[in-house]
Amino acid sequence: MQASLEQLSQITVFVGLETADTLTFQPYTQVQRYRKGEIILHEGDRLPAKLYAVVSGLIQVSKTATTGKETIFRVLAAGEIFAAPALLGNGISPATVTAESDCEILTVERDALLKAIGQNPEIALRMLMVFNSRIQQLHETVHGLVSERAIVRIARLIQYFAGESGTVRFFCLITTPIV
């Protein structure tokens, strides 16, 4: 089903856009519902050239090593964008995206998004801010792994996830066995 103007206005990179700007790419959107536990994207999938965003619910982005160990990269909530390689990279999903709760995922076709960016470059700047923030978090994580003692790294990780997900959500993440 096509995204509503209200749904589009909830996505961080589209917040505050004029209705006329949103109407230009609305016909090129789609919203799909997923149930808790459903796989949205599989690692290694070829992705269509689209922007992906969470309209409602929570999703988990994870990767499974050849040893079978799963690493959770992040949990994303409503308004957040994901699957950057679909727009900016090789079009291959680098991770698995799973619905952590019932959720709605919005997609915007790349060509329509580029046209909207041409009319309102602020969209591109907002996307860059999101990706820059994620790169900075990754840099801090790598730096911490290399330069700090293990107990300090664990404390920082707990502090980060408690801030991102709330203490109750973080507790559920660390007490839920990963199969």
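**A chat about the model**

Tutor: Happy to! Let's begin with Glu-104, which sits in strand β8. Keep in mind that this is a predicted model.

Student: Okay, is Glu-104 buried or exposed?

Tutor: Glu-104 is buried, since its relative accessible area is 13% and the cut-off for buried is under 20%.

Student: Which side chain does the side chain of Glu-104 make a polar contact with?

Tutor: That would be Arg-33, at 3.2 Å.

Student: And what else does Glu-104 touch, not counting residues up to four places away in sequence?

Tutor: Its contacts include Met-1, Gln-7, Val-31 and Gln-32. Glu-104 also touches a run of residues from Ala-53 and Val-54 to Val-55 and Ser-56.

Student: Nice. Switching topic: how many salt bridges are there?

Tutor: The count comes to 4 salt bridges. One of them joins Arg-35 and Asp-102, whose closest N and O atoms are 3.3 Å apart.

Student: Where do Arg-35 and Asp-102 lie?

Tutor: Arg-35 is in the loop between β1 and β2, while Asp-102 is in the loop between β7 and β8, so this pair ties together parts that are 67 residues apart in sequence. Arg-35 is exposed, with a relative accessible area of 57%, and Asp-102 is partly exposed at 44%.

Student: What about Glu-43, which residue does it meet in a salt bridge?

Tutor: Glu-43 meets Lys-63, with 3.0 Å from N to O. Glu-43 is in the loop between β2 and β3 and Lys-63 is in strand β4, so parts that are 20 residues apart in sequence are tied together. Glu-43 is partly exposed, with a relative accessible area of 32%, and Lys-63 is partly exposed with 32% too.

Student: Let me follow up on Leu-113. What is it in contact with, leaving aside its neighbours within four places in sequence?

Tutor: Leu-113 is in contact with Phe-14, Leu-51, Leu-87, Val-108, Ile-123 and Met-127.

Student: What about sheets? What order do the strands have in the open sheet of 4 strands?

Tutor: The order is β2-β7-β4-β5, and the pairing is antiparallel. β2 and β5 stand at the edges with a single partner strand each, so one side of each has no neighbour in the sheet. Neighbouring strands here are turned by 30° against each other on average, ignoring direction.

Student: How many bridges do β2 and β7 pair over?

Tutor: They pair over 2 bridges. Look for Ile-39, which stands opposite Thr-98 in β7.

Student: Last one: what is the phi of Ala-83?

Tutor: It is near 65°, a positive value in a residue other than glycine. Most residues other than glycine have a negative phi. You'll find Ala-83 in the loop between β6 and α3, where it is buried with a relative accessible area of 16%.

Technical notes
Residues are numbered from 1 along each chain as its sequence is written. This is a predicted model: local features need pLDDT of at least 70, side-chain atom pairs count only at pLDDT 80 or more; totals for chains, interfaces and linings use all residues. Side-chain values use heavy atoms; hydrogens and water are left out. A salt bridge is a side-chain nitrogen of Lys or Arg within 4 Å of a carboxyl oxygen of Asp or Glu. Buried means under 20% relative accessible area, exposed over 50%, partly exposed in between (1.4 Å probe, protein chains only). Contact means heavy atoms within 4.5 Å. A polar contact is a pair of N or O atoms within 3.5 Å; within protein, one must be able to donate a hydrogen and the other to accept it, and residues adjacent in sequence count only if both atoms are side-chain atoms. Two strands pair if DSSP finds at least two bridges between them. Axes are lines fitted to C-alpha atoms, for helices over the stretch in contact, and angles run from 0 to 180 degrees between N-to-C directions.
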